[in-house]
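Biologist: Please put the model on the screen. I have some questions about it.

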Amino acid sequence: MDGSMWMLAQGGAPWLVGGVFILLALLLFHRSLQALCRLLVRTVVGILVLAVFSPVGRLLGISLGVNLWNGLVLGLLGGPGFGLLLMLHLLAPG
């Protein structure tokens, strides 16, 4: 028996079908996954920017939280998002 027939005979058919299904799903959702990965990278960079700004902000009396939501705002909006977070911090009570 050659390798592929042996795998099918040993119960490997579900794995083969599952692998083909995953490959087709990746091909179908390629652009969506690419956009999601780009957002993830931008969010991580936004969190790093917040972490770098945190000590400087304390000297200026401005403290933005280093968290996922602020990172997502920076990841989605970039520089204007940073301005939005600063404006919300200055306008929000407490």
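The questions below go from the whole chain to single residues.

Modeller: This is a predicted model, in which local features need pLDDT of at least 70, side-chain atom pairs count only at pLDDT 80 or more, and totals for chains, interfaces and linings use all residues. Residues are numbered from 1 along each chain as its sequence is written, and side-chain values use heavy atoms, with hydrogens and water left out.

Biologist: How many helices are there in the chain?

Modeller: Helices (H or I, at least four residues) and strands (E, at least two) are DSSP runs, numbered from the N terminus. The elements run α-α-α-α-α from the N terminus on. There are 0 strands, and the number of helices is 5.

Biologist: What share of the 94 residues is buried?

Modeller: Buried means under 20% relative accessible area, exposed over 50%, and partly exposed in between (1.4 Å probe, protein chains only). Among the 94 residues, the buried share is 16%.

Biologist: Which helix gives the most to the nonpolar patch?

Modeller: Patches take residues with over 30% relative accessible area and no salt bridge; like charges are joined within 9 Å, nonpolar side chains (Val, Leu, Ile, Met, Phe, Trp, Tyr) within 5 Å. A salt bridge is a side-chain nitrogen of Lys or Arg within 4 Å of a carboxyl oxygen of Asp or Glu. Phe21, Ile22, Leu26, Leu28, Phe29, Leu33 and Leu36 form this patch, with about 760 Å² of accessible area together. Both α2 (13–28) and α3 (30–60) supply at least two residues, but the most, 4 residues, come from α2.

Biologist: Is Leu26 buried, partly exposed or exposed?

Modeller: Leu26 belongs to the patch and lies in helix α2. Its relative accessible area is 45%, so Leu26 is partly exposed.

Biologist: Which residues make up the largest nonpolar core?

Modeller: A nonpolar core is a set of buried Ala, Val, Leu, Ile, Met, Phe, Trp, Tyr and Cys residues joined through side-chain atoms within 4.5 Å. The largest has 6 residues: Leu50, Phe53, Ile62, Leu64, Leu74 and Leu85.

Biologist: What is the geometry of the aromatic pair of Phe53 and Phe82?

Modeller: Rings of Phe, Tyr and Trp (its six-membered ring) pair if their centres lie within 6.5 Å; planes under 30 degrees apart count as stacked, over 60 as edge-to-face and the rest as tilted. The count comes to 1 aromatic pair. Phe53 and Phe82 are 5.0 Å apart centre to centre, with 90° between the planes: edge-to-face.

Biologist: Why does that pair tie together parts that are 29 residues apart in sequence?

Modeller: Phe53 is buried, at 16% relative accessible area. The pair ties those parts together because Phe53 lies in helix α3 and Phe82 in helix α5 (residues 79–91).

Biologist: Which residues does Asn70 touch, not counting those up to four places away in sequence?

Modeller: Asn70 is in helix α4 (residues 68–77). At 14% relative accessibility, Asn70 counts as buried. Contact means heavy atoms within 4.5 Å. On that rule Asn70 touches Leu50, Leu64, Gly65 and Leu85.

Biologist: How far apart are the C-alpha atoms of Ser54 and Leu64?

Modeller: Ser54 is in helix α3 and counts as buried at 15% relative accessibility. Ser54 and Leu64 are 10 residues apart along the chain, and their C-alpha atoms are separated by 6.7 Å.

Conventions
Areas by Shrake-Rupley, 256 points an atom, 1.4 Å probe, with all protein chains shown as cover.
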